[in-house]
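Keep the model open beside you as you read.

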Amino acid sequence: MKCLILLLFIGLSSAQFNSNTRAGRTTIVHLFEWRWDDIAAECERYLGPNGFGGVQVSPVNDHIVLQNPWRPWYERYQPISYKLCSRSGNEQQFRNMVTRCNNVGVYIYVDAIINHMCGGGGGTGTHSSCGSYFNANAKDFPSVPYSEWDFNDAKCRTGSGEIENYNDAYQVRDCRLVGLLDLALEKEYVRGRIVDFMNNLISIGVAGFRIDAAKHMWPGDMKAILDRLNNLNTSWFAGGTRPFIFQEVIDLGGEGISVNEYTGLGRVTEFKYGAKLGHVIRKWDGERLSYLRNWGEGWGFMASNRALVFVDNHDNQRGHGAGGASILTFFDARIYKMGVGFMLAHPYGFARIMSSYRWTRNFVNGKDVNDWIGPPAHADGTTKNVPINADSTCGDGWVCEHRWRQIKNMAIFRNVVDGQAFSNWWDNGSNQVAFGRGNRGFIVFNNDDWQLDVTLSTGLPAGTYCDVISGQKEGSRCTGRQISVASNGTARFQISNNDEDPFAAIHVDARL
């Protein structure tokens, strides 16, 4: 009997590492600051038909409305209550989005803000997305309700009440993060309010959660909350399915908190991934693509089945979070597409694609002073919808990297090669590399300053393939270059260092 109980416990916890995406769908996309109505439409018209597995959405709950600066993106990360009305829409619109996306096999992952409420200097009044009254100075949030007894200020060991030393785990977890009122998660009452909030979302049909600021919460407190979450809604998920959990833990090494403290609770965001990949693709400090042969655990990353990977996210593309200037973003589109292409071709981790909006950067002393700018908005601060252009790109300031042909086609590539082994590695000792995924796909990169012209063993069946980077297969033709694989599995690749996209990818579903 004890063995049975142990097996049940292991099964329960390990299930939180499962993305819950439908079979054959291997990637999710973060539609940062999109409105619920636009996400619902995008699931039906684009994400579902192109094999995307899910959407990470911006925080869903009642949040502060900031006017100085005017409606910054980070107001979404300052909760006022757990009511489901945010800058992206009201509860009815959220429910409608979840239903419509789930019905086309694109599942919703909520960015859950459970470490804190709004900033301690956030004032008082009804300046929230739901119009809820609050008094941040008195730590009074009657719409939850929370009072001064529900926060950690008495436990914090710093004079300022802020985190002053990131090598002190107690400070990191018990003090205020950039002034945000830190919740006392060891209290049963506080845990109960958070569990109710998350279980309500599960009942609506979400598939899992990104846990914001997980590093700032004690693992034991998080476990107590996560263990009380309900199984997913059986309208869309098999009975007994646990919510997918991925936790934001920034760990580049050298601090008092390690990702290893959280990998038993769910997947963890591997911030080293984008930082180091950007360093290599930018060729800084003598780094070369050829060094990526043992990419993954060989680079000191966490185990693949515990990692959620990404090239950039909404924080570090703005210069904060982790990685600094090495992070690849849409501002460097040519090398950014190479980085995302590499991530989606490589088997390490569970992949998330970033989908952004554009802002005008203004660097002062090396810092972008416009990093606060919120999403494209009308004069009254309400978020604009996402218009789709005739060429399938987005307009009105929305970048929509997930709609770039090269990135969309690599998301499909990842689906096609899912479960296939990393194979047939080749490099020139510099910045020309290639690798395959079993007998299903093959990719080649040229990040050198000279032409690549080489015949390689691909592992693929003989035939004529459409390169899905320069174009794609449409009917019985290729819109980009064709690549012929001989009967022995070899193919000649010619990639100029001056190409718009100096890489090529083929897979068995792109064979003519």
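## Disulfides at a glance

The chain holds five disulfides. Please keep in mind that this is a predicted model, and that the disulfides are assigned from sulfur atoms within 2.5 Å of each other. As a reminder, a disulfide is a covalent bond between the sulfur atoms of two cysteines.

How are the bonded cysteines paired when they are numbered in sequence order? The pattern reads 1-3, 2-4, 5-6, 7-8, 9-10.

Cysteine 43 and cysteine 101 are joined by a disulfide, with 2.1 Å between their sulfur atoms. The bond connects distant parts of the chain: cysteine 43 sits in helix α2 (residues 36-47) and cysteine 101 in helix α3, 58 residues apart. The link between cysteine 43 and cysteine 101 is right-handed, with 90 degrees about the S-S bond.

Are these two cysteines buried or exposed? Cysteine 43 counts as buried because its relative accessibility is 0%. Cysteine 101 is buried too, with a relative accessible area of 0%.

## A bond between two loops

Another disulfide is formed by cysteine 156 and cysteine 175, whose sulfur atoms are 2.0 Å apart. Cysteine 156 is found in the loop between β6 (134-135) and α4 (169-174), while cysteine 175 is in the loop between α4 and β7 (180-182), so this pair ties together parts that are 19 residues apart in sequence.

The torsion about the S-S bond of cysteine 156 and cysteine 175 is about 95 degrees, so this disulfide is right-handed. Both cysteine 156 and cysteine 175 are buried.

What is the handedness of the disulfide between cysteine 466 and cysteine 478? The torsion about its S-S bond is about -85 degrees, so the disulfide is left-handed. Cysteine 466 is buried, with a relative accessible area of 0%, and cysteine 478 counts as buried at 10% relative accessibility.

Cysteine 118 counts as buried because its relative accessibility is 0%.

## Salt bridges

Turning to charged side chains, the model has 31 salt bridges. In one of them, the side chains of aspartate 38 and arginine 35 meet with an N to O distance of 2.9 Å. Aspartate 38 counts as buried at 9% relative accessibility, whereas arginine 35 counts as partly exposed at 22%. The cut-off matters here, because buried means under 20% relative accessible area.

Lysine 384 pairs with aspartate 396, their closest N and O atoms being 3.4 Å apart. At 42% relative accessibility, aspartate 396 counts as partly exposed.

## Further along the chain, and a network

A further salt bridge joins arginine 481 to aspartate 499, with 3.6 Å between the closest N and O atoms. Arginine 481 is in the loop between β21 and β22 (482-485) and aspartate 499 in the loop between β23 (490-495) and β24 (503-507), so the pair ties together parts that are 18 residues apart in sequence. Arginine 481 is partly exposed, with a relative accessible area of 24%, and aspartate 499 counts as partly exposed at 23%.

Which residues are linked in a network of salt bridges? Look for Asp111, Arg210, Asp212 and Glu248, which are linked in this way.

## A buried arginine

Arginine 71 is worth a visit in your viewer. This residue lies in the loop between β2 (54-57) and α3 (91-103), and it counts as buried at 10% relative accessibility.

Beyond its neighbours within four places in sequence, arginine 71 is in contact with His63, Val65, Leu66, Arg87, Gly374, Asp380 and Gly381. Arginine 71 and threonine 383 are 312 residues apart in sequence, yet 9.8 Å apart in space, C-alpha to C-alpha.

Conventions
Residues are numbered from 1 along each chain as its sequence is written. This is a predicted model: local features need pLDDT of at least 70, side-chain atom pairs count only at pLDDT 80 or more; totals for chains, interfaces and linings use all residues. Side-chain values use heavy atoms; hydrogens and water are left out. Helices (H or I, at least four residues) and strands (E, at least two) are DSSP runs, numbered from the N terminus. Buried means under 20% relative accessible area, exposed over 50%, partly exposed in between (1.4 Å probe, protein chains only). Contact means heavy atoms within 4.5 Å. A salt bridge is a side-chain nitrogen of Lys or Arg within 4 Å of a carboxyl oxygen of Asp or Glu.
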